[in-house]
Amino acid sequence: MTDSTPHGLHDSGPAVGQDEWVARHAERRLMPEGPLRTLEDRVRRIPWWAWLTLFVAAFALLPAFEQSGYVRRVAFDTVLYMLLALGLNVVVGWGGLLDLGFVAFYGIGAYTYALLDSDKFGIHFPTVVSVPLIVLVGAVVGLLLGLPSRRLTGDYLAIVTLFFLQLFQTATTNGDSIGGHNITGGPNGILRIDPFHIFGHNLVVQHEGVFAVSYLYIALAAFVIVFVALRFVNLSRTGRAWRSQREDGLAAEAMGMPVNWLKLLSFAFGAAVAAFTGTLFAALNASVFPLTFYFVLLITVYTMVILGGSGSQPGVVAGALIISPLLEMLRDASKSRVIFFLALVGGLLLFSRRSRALGIVGLATLAFGFAVHAICAAIDPAWVTGEHQPGFAGTVAHWVVVPAHLARWITPVSYIGLIALVLLLTVVRRSIRLVLLVPTLYLTAFVWENVMLSKPEPARYIILGVILIALMILRPNGLLGERRVEIV
Amino acid sequence: MPLLELQGVSLAFGGLRVVDGLDLHVDEGEIVSVIGPNGAGKTTLFNLITGIYRPDAGDIKLDGESIAGLQPHVISRRGISRTFQTLRLFLNMSVKDNVMAAAYGHTRAGVFRSMLRTPGMRREEREIEQLAQERLAFFGKRLMGYRWEQPAYSLSYANRRRLEIARATATNPRILLLDEPAAGMNPAETHEMTELIAELRDAGGYTILVIEHDMHVVEGISDRVVALDHGVKIAEGSFEAVATNEKVVEAYLGLQTAATK
């Protein structure tokens, strides 16, 4: 094979049998030569392990700048989420299987660790024995669940795996009297679980009530190992076969790939990673409860994988890195307020194509708000007796009316009104839509201040849902996911 | 002994007999064409040989050993590979990965060796890449160069057909089943495909069983032609003999025309 030279073919055109499209591909590059192009090429040539090292190093330096035990703890939880997202990515992204029982394996890992290393039965395995054992248990249970469901695809597999999650839930919740024996502790879970003990040392979870940073480093090390191991598998014949059977199972089978076995394998890999993560969870929290491993967690991990881009390792890690701290910040009213208004403005910027119309709508909404506020204050001061705080919260309080005395019926009315307005927006003409956008935006802020702010738990997940919907419209393959073509 | 042999193979979908007591043999190094009108059971025949369907009756033998009822991936490893009439490429994978994936059956590295990237595993990877390069080079520059890393969906129709053949040969088969390799191609491409099939046999050393509707292709390549209609073999022999066979003309054009001819 000789390399085709793009230049020199200009005058005569390609010879017979030569492919013009191939020969002239260099001319069609959209980006011209220049420093930007050089930079782009340079960045693209940075190998994946350099990015990984950079990322982990940045993460590892966090405790040097942040003394707060709370922040370090959130960082630890984020690493756990990154591990879970990596595991789910094997099943969903590479295997192409919709596994709704994924967090059950996380629970199995945590519970098995709790049984092997706690006062529950007085068993105290060394960590170097129990953790590999639990990874094996996770993989085997994954295989066993895969066996009866290996011929199932899509919705049917989803139902079976969902049933498995329910089964795990029922078993752990009622496991306090299995034939008269208390095994899982039922709804009260298992308490006083050992921390990791490696080479004769107990790695304490807390120093004087503050999160011990050693666990953050253990989790980071685990993350690197899992990331690299999975990446290497994906770069091997197994990884290619996984992608092949996801693309076309029949063709993969006809080309010598054992599709059923490959599906089982991806199941087992996801389960093993989840079980491994479970041990970290149990060791740090020193307790496990059934309800930790349920739908909320399942949906959160799925959100991370979908947001980042299922199938892309950096993608799902980015997803976890965004969602996990976001969910934490949304617990706090003042932080969640800033996030909400930033998201509102950001969403408007992303969806609107014309900046002038956008500016007008933005200014009109601001004016509309102050006008409504002034009118309401003139009619009855009770309408604006919201919080009067300094800073951003105070500014918002001068703009959004908060009729505290009407709280009882204002909740359903404003909420339903907002949904109706949004639905209306999708059907009206563009000019009307721009006008309608002003009260809609104001009502959104109103609902936020009056309804959501006082109920942070559902509000967190509603915001998560809105982010997902917006992302599915803007980037259906996730932030870093590869563009996939289904029908060509 | 023939390389591939079908003995009284039958298959019915419910009450419909798709293939009925079919005897067929393909010798080593032969190019055999299967022709027949739509619904004659040609693609079903391929699906039977490759294990996608299991025959209701009869036996299928590769090199004297029965392969009937084996799973498709096992049959592929025994040395039968195929292309599909309705292209079934791994569209979102690169051209290179499409071919490399098909080497799965005759490579060994397991997941643990892959995780550790042992020297043996890396050597095998290099060999697979070499193999993919060789198989794609069969088609000249069409699938080489920058196309190498491009997703399969970006290829033109004719190039997709070529890539499917390249992928099929990457399983290191002894016998290649080509399901309408020239379908949807223009006359120049069809001519090229005719030469290519002959070259696959001569240079590649594959035995070839091919379904084709284009009679110029069939005439150009076939050592032997088998005509099917309603799942039954109605004629067999050289192209001239089959093309002038009364039953074949009748199957294609209908009884009336045959009578008036």
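How many Å should the 21 residues of helix 18 of chain A span?

**View 1. Helix 18 (residues 407-427) of chain A in a predicted model.** At 1.5 Å a residue, the helix should span 30 Å, and its end C-alpha atoms agree with this at 31 Å apart. The expected span is 1.5 Å times one less than the number of residues. Helices (H or I, at least four residues) and strands (E, at least two) are DSSP runs numbered from the N terminus. Helix 18 of chain A is hardly covered, with 0 buried residues among its 21 (buried: 20 or more other C-beta atoms within 10 Å of its own; exposed: 12 or fewer; partly exposed: in between; C-beta atoms placed from the backbone).

**View 2. The side of chain A that touches chain B.** Contacts (C-beta atoms, placed from the backbone, within 7 Å) join 32 residues of chain A to 37 residues of chain B. Helix 9 (214-234), helix 10 (237-247) and helix 11 (249-254) of chain A each supply at least two residues of this side. Helix 10 of chain A gives the largest share, 7 residues. By class, the side has 15 nonpolar residues (Ala, Val, Leu, Ile, Met, Phe, Trp, Tyr, Cys, Pro), 9 charged (Asp, Glu, Lys, Arg) and 8 polar (the others, Gly among them).

**View 3. Arg192(A), a non-glycine residue with positive phi.** Its phi is about 50°. Arg192(A) sits in the loop between helix 8 (154-173) and strand 3 (197-198) of chain A. Arg192(A) is exposed because 10 other C-beta atoms lie within 10 Å.

**View 4. Glu180(B), in the loop between strand 7 (175-179) and helix 7 (187-202) of chain B.** Phi of Glu180(B) is positive, near 50°, although the residue is not glycine. Glu180(B) counts as buried because it has 20 C-beta neighbours inside 10 Å.

**Notes.** Residues are numbered from 1 along each chain as its sequence is written, and chains are lettered from A and ligands numbered from 1 in the order in which they are written. In this predicted model, local features need pLDDT of at least 70 and side-chain atom pairs count only at pLDDT 80 or more, while totals for chains, interfaces and linings use all residues.

Note on methods. Two residues are in contact if their C-beta atoms, placed from the backbone, lie within 7 Å.
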